[in-house]
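Please look first at the sequence and the three-dimensional structure shown below. The paragraphs after them are meant to be read with both in view.

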Amino acid sequence: MPPFTLHHPESIEEAVETASKLIAQGDDFDWVAGGTDVVPNYKWRINPKPHVISLASIPEANQTSRYEIGCMTKLSSLTADNEVHPLIVEAASKIASSLIRKSATVGGNLCLDTRCFWYNQSEDWRRSIDWCHKADCGTGADCRVIPNQNTLCVATYQGDLAPNFMALGAEVTLIGPDGKRVMPLEEFYQLDGMKKNVLQRGEFMLKVTLPKDAYDYEGSYQKLRLRESWDFPEAGISAAWKKGDYSSLRIASTALESIPKTHDDQVSEFVSAWEKGATISKLSDAIRKSVKPVNNTALPPNYRRSVVRILAKRALNNIGCE
Amino acid sequence: MSAGYRQQPGNSSSKRTDGKRIAGKQVFPPPGSGGSRPQMKERDLDYIPESVGGKEPQPAGSHIHDRIRTGTVVGKSLSLVDSNAKVTGQAWYGDDVRLPNETIGKILRSPHHYAKIKSIDTSRVEALPGVIAVATGQDASNSFGVLPVTKDEHAMAVEKVRHMGDLVACVCAESEAIAIEALSLFDIEWEELEPVFDRKMGLEDVDEPIHWRGKYHLSRTNVQKRVFQEFGDRSLVENAHASSHGKWSMEGVHHGFTEPHAVVAHWDPNGRLQLYTPQQVPHYTHRALSTVLDVPMHQINVIRTFVGGGFGGKSDPFPHEMCAAILARKSGRPVRITFDREEVYWINRGRHPSDIEVKMTADDIGRISGFDIDALIDGGGFASFGHVTSYYNGVLATAPYELGSFHYTGARVWTNKPASGAMRGHGAVNTRCAVEVGLDEMAEQMAVDPIDLRLANLLPPHSRTITGFRITSNGMREALEEVRNGSNWDKKFRQLPLGKGIGVGCGFFISGSGLPIHWDPNRFPHATVHIQVDMDGGVTVHTGAADIGQGSTTAVAQVVAEVLALPIEMIHVRSHESDTAPVDLGSYSSRVTFMNANAAIRAALEIREQILKAAWDILGYHPNTLVLNDRRIYYKHDPSIGVSYLKALHKAQEDKGSLIASGAYRSPPMGGVHKGAAAGLAPAYSFSAYVAEVDVDVELGLVKCTNVWAAHDCGKALNPLAVKGQIIGSCHMGLGQVLSEKMVYGRTGHLQNANLLEYKIPSVHEMPHVVPIIIESCDPEGPFGAKEAGEGPLLPILPAVVNAVYDAVGVRFRDLPLTPDIVYKGIERQRRALKLDDCLELPSPRLEHGPMQEVLVARAAEHKTRDKARQRTEDTSHYVNGVLFGFDPNIPLEDQVDGWRMATEPDPEQLAELGLAGKAWLKKTQREMGRD
């Protein structure tokens with residue numbers, strides 16, 4: 001593990017101040033919440049930084065209510081007992097393993113680093129392929145998944161919570177040196193496996209907020225994975241609606257591209273003239289066509305793309321769409 | 001008897017009457033005791049065989065060891081003797097060894113798949129403060145290898161590296177951080193060579209073969225070993241009534257043990273090497289260290305730490321063990337090297353990625369007339385156990401069935417990938433899967449039940465296989481019957497709805513390898529065990545058997561406890577150090593229980609004899625009339641006349657002090673004389689039959705195994721709990737290979753998933769409900785009748801699942817693992833072929849029994865009677881493979897049948913029709929080409 005200095009700010013202000021100071025000094029740093037994503041990456045020396053700022057001691061990040069979930073909330077506490085939305089409970093229960101869920105957090109899952117066969121490897125391994133675009137170690141290396149394109153990183157976002165929060169219309173609150181920003185979750189992600197999201201340097205995610213009508217929504221999350229424990233999603237589809245109200249239907253997907261995304265376009269195309277049975281098949285197919293997985297996870301991309309249709313169909317069936 | 005015999009020191013008069021101990025006071029319990037139990041236990045007749053007056057049923061007949069059964073521990077479920085150390089975290093594994101003043105070693109690994117090292121400059125490494133010693137291949141140029149015929153490894157690359165991650169140099173430093181930093185300071189000039197990744201390309205001539213075998217090298221290919229075997233009457237293959245032809249592609253899998261490799265080396269003040277390593281086979285490491293370091297073996301002490309799982313992956317002598325010793329010698333300080341998980345995959349030795357082709361035929365009365373196997377296996381960069389694997393892929397598939405003819409071509413090639421080696425079920429797993437699926441397919445063509453097809457074609461107990469293996473006990477039939485009943489097979493097979501399936505598979509495995517690799521079995525035994533009993537009555541057993549979690553220490557302790565009728569707490573097994581342990585071949589080829597327990601029984605019998613003789617002196621009754629039971633020896637006809645174990649022991653020790661005995665095991669002469677006859681030869685064989693039930697998500701292609709009925713013939717379960725553990729564990733490991741595990745090599749030849757997240761070992765959620773069923777066929781030569789239970793139980797789960805998937809969706813899969821993408825593709829292909837809109841409309845396979853069914857059932861019933869008589873040695877006539885086809889077992893088959901083949905090289909006219917691996921026979925060796 002490369003050595004780093006760990007900072008423990010105890011308030012939002014102190015966190016921003018710590019970050020600003022490091023920026024001013026020209027020091028690079030990472031935020032850390034539960035550490036289940038950052039620490040393994042550091043061990044493999046994947047873009048390690050000399051400073052790490054922990055969000056663990058910030059009171060606001062640890063607060064959770066029915067509508068506001070702080071970024072430090074442990075995945076293991078997203079339970080029905082804590083009055084969390086059933087869709088979020090379902091999604092959280094499918095993440096990694098029960099042991100990891102005791103450490104991993106909501107914020108960490110939403111800000112999960114993108115993953116790739118050519119990237120999530122040890123330093124020796126990556127050196128032997130002359131690095132890759134995402135962690136090029138100053139060499140300007142090409143992408144190893146799709147060679148001869150040097151502009152976009154196609155590493156896959158494999159978080160489970162994001163599509164579900166999107167389907168419920170959640171917003172995120174970001175805190176940074178320039179103040180506070182609030183935006184819908186789908187706007188938080190930015191298409192590039194390296195950039196991943198809109199977070200500016202020194203900015204961090206404080207909490208997720210569900211809209212007032214979120215609890216009117218019923219949802220289902222379909223996660224494709226080889227094993228029912230540990231595995232990141234190979235594809236994930238979330239669907240939610242106010243039961244019986246087709247116009248409220250929202251579908252979002254994950255693990256198929258560099259960012260999770262909503263499928264409002266496909267939904268709106270079919271939802272106005274809903275035809276029992278036939279529409280589900282058309283809609284599922286449209287969603288399949290709208291995603292472009294690449295070959296950098298455990299299962300081949302053509303398969304992952306093919307079964308998006310099935311996952312979407314099952315998610316819709318589960319919530320009573322017919 | 002008087003008041004009793006008082007043991008010195010101590011006084012039992014201060015004993016509490018409520019049976020509890022007095023805190024802080026060391027009181028010797030009453031004479032002859034070995035624990036806090038003051039009274040002798042009654043003889044446990046439930047665990048004493050019927051043949052000697054007990055109540056233990058013996059359906060398979062009596063056994064030579066029945067007479068020495070005391071009802072103490074054999075056959076009882078015990079927790080393993082080392083389990084307390086493990087569950088309390090006190091077991092010391094490789095990396096737990098911390099010697100004072102240690103340094104940390106790290107290994108520099110090759111970034112290239114295949115390259116020559118033109119120069120290595122270590123000056124910058126040596127200059128780094130905190131670096132203690134540096135070593136490169138030049139420091140140890142002697143080669144070593146697990147098999148004497150293929151010594152192709154070095155401590156570090158001498159001239160070239162053969163796969164990415166191959167060892168190049170090593171360094172030890174004051175801390176791990178310094179050692180890691182030092183790795184970046186080596187200046188190396190490389191000359192990259194053209195790598196070979198595809199095993200099919202390994203058969204072709206190249207400029208620079210990965211290894212060079214001089215005049216034995218096959219042309220300029222990368223073929224390490226080729227095998228040809230043909231037995232039987234090939235004319236039977238013609239006019240086949242049913243046939244199956246399948247080409248399989250199987251990915252490489254890794255053992256996935258929990259503990260990564262670790263080693264600590266230290267040269268003690270007398271200049272002797274002390275090496276701590278979690279090894280399955282410490283003796284091979286011992287030999288290799290001696291060779292590589294140029295130090296006689298007696299100047300090396302190999303200390304086996306607890307082993308955190310081995311499964312074959314810790315049975316080679318490893319280069320990092322040499323590195324640690326070299327660095328420790330250079331630095332004069334202890335060196336500890338512990339692998340990252342990635343390094344574990346780079347050293348590999350997992351199951352060979354394979355291309356396997358199986359052709360089978362059956363004749364008009366459902367006999368298996370032809371059995372052709374071609375196996376091309378990918379050995380990676382080194383030989384390891386590969387020489388043997390090349391044979392095992394063929395010969396271990398020849399039983400439990402009686403065959404008309406057998407034809408095998410195999411080849412193992414080197415590629416620029418981490419070396420494959422031995423893994424649980426060594427060499428037998430992949431072809432077994434292909435063969436059992438082939439049988440299923442033939443059964444379908446004949447419209448018969450696949451279990452009945454098997455039951456009508458089994459070799460009986462006390463027979464010979466087509467290649468000449470000597471079968472002794474054989475519980476195959478019973479195993480099949482048990483799983484058939486347990487699973488309610490007759491109500492389910494071919495009757496379940498789409499997506500649900502049930503399948504069967506059998507297994508056959510060696511119980512110990514008949515030939516000790518390093519010596520002539522006629523000149524030195526396979527296993528030796530020493531026993532020492534001192535005045536305290538405790539029994540110290542010295543054995544080299546390496547407990548890798550399978551329970552070998554417990555097995556040895558159990559048989560000694562059984563013979564001496566002592567509580568198992570009084571048996572202390574010392575098996576960690578080569579200084580004190582007699583030479584032993586270690587834990588591989590499922591040999592330990594069979595061989596070590598046999599040796600331990602012999603040693604214990606010697607001790608027993610001495611104690612009984614002393615009891616004779618005291619009691620005046622001949623040992624034949626004395627009974628050993630729970631720390632007491634008494635007269636058979638009047639139990640009140642007796643003497644405590646301790647008193648008899650002390651009498652026996654009068655003149656010579658502690659009692660010492662040595663026992664050894666040597667396998668009987670057996671097997672044929674053809675080339676390769678020793679491969680797969682074993683003093684006994686285990687048999688197993690599994691039925692698996694699966695749920696297939698037809699739309700997604702996800703397969704979930706839900707239930708397994710697993711019957712394994714282990715001869716006699718010395719410890720049923722441990723046997724069940726092995727069966728369930730084997731199911732888990734086999735399920736990994738059939739459903740999710742594979743070593744993924746990407747387009748650049750790099751291993752893409754060298755970690756436990758992406759290398760998909762099934763989690764607890766994927767584990768089916770396993771019903772372990774123990775079959776006891778009571779092997780005549782096994783210790784108390786026991787045979788192996790560690791590897792064989794893995795074999796049947798693969799074909800059982802593949803056959804069950806067919807039953808569920810009607811598609812035959814021949815690519816392992818059955819990841820959902822493979823299954824999805826197969827189902828989609830079928831859907832399109834049947835012109836269906838939705839895969840949920842696929843028809844499920846159904847079975848309407850054909851006329852052959854009755855023939856097979858009748859033959860199976862007949863054979864059942866035959867087998868029972870042979871098993872109980874009521875029928876001791878000769879039986880060789882071929883009797884089913886009408887041949888006389890008392891006349892050599894080649895004298896009876898025109899064209900009976902027994903060949904280990906192809907005829908020239910056969911060359912054109914050989915399979916993929918058989919193509920290796922188209923090449924000539926350098927010697928044949930007139931060069932060397």
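The model is predicted: local features need pLDDT of at least 70, side-chain atom pairs count only at pLDDT 80 or more, and totals for chains, interfaces and linings use all residues. Residues are numbered from 1 along each chain as its sequence is written, while chains are lettered from A and ligands numbered from 1 in the order in which they are written.

Chain B is divided into domain 1, covering 45–91 + 522–665, and domain 2, covering 447–515 + 683–855; such bounds come from an automatic or database domain assignment. The centres of domain 1 and domain 2 of chain B, taken over C-alpha atoms, are 37 Å apart. Where these domains meet, 27 residues of domain 1 of chain B and 29 residues of domain 2 of chain B take part. Two residues count as being in contact if their C-beta atoms, placed from the backbone, lie within 7 Å. On the side of domain 1 of chain B that touches domain 2 of chain B, the largest share, 6 residues, is supplied by α13(B). Helices (H or I, at least four residues) and strands (E, at least two) are DSSP runs, numbered from the N terminus. The residues on that side of domain 1 of chain B comprise 11 nonpolar, 14 polar and 2 charged. Here Ala, Val, Leu, Ile, Met, Phe, Trp, Tyr, Cys and Pro count as nonpolar, Asp, Glu, Lys and Arg as charged, and the others, Gly among them, as polar.

Next come the sheets. Strands of a sheet pair through backbone hydrogen bonds, either parallel or antiparallel. In chain B, an open sheet of 3 strands has the order β22-β23-β24, with antiparallel pairing; two strands pair if DSSP finds at least two bridges between them. Its edge strands are β22 (626–629) and β24 (638–644) of chain B, each pairing on one side only. From one strand to the next, the twist averages 30 degrees. Strand β23 (residues 632–635) of chain B is joined to β24(B) by 4 bridges, and B:Ile633 has B:Val643 in β24(B) as its bridge partner. Helix α13 (residues 592–619) of chain B packs on this sheet and touches β22, β23 and β24 of chain B. The direction of α13(B) makes about 115 degrees with that of β24(B); axes are lines fitted to C-alpha atoms, for helices over the stretch in contact, and angles run from 0 to 180 degrees between N-to-C directions.

Another open sheet of chain B has 7 strands in the order β29-β8-β13-β14-β15-β7-β30, with mixed pairing. Within this sheet, 9 bridges join the antiparallel strands β8 (residues 242–250) and β13 (residues 354–362) of chain B. Helix α8 (residues 429–446) of chain B lies across β8, β13 and β14 of chain B, at about 150 degrees to β8(B).

Finally, which residues of α11(A) and α17(B) meet? A:Tyr303, A:Ser306 and A:Val307 in α11(A) meet B:Pro820, B:Asp821 and B:Tyr824 in α17(B). By class, this contact has 4 nonpolar, 1 polar and 1 charged residues. Helix α11 (residues 301–318) of chain A and helix α17 (residues 820–833) of chain B pack at an angle of about 65 degrees, with their axes 10 Å apart. The two helices α11(A) and α17(B) are therefore roughly perpendicular to each other, a term for angles of 65 to 115 degrees.

Definitions and conventions:
Parallel < 35°, antiparallel > 145°, perpendicular 65-115°, else oblique.
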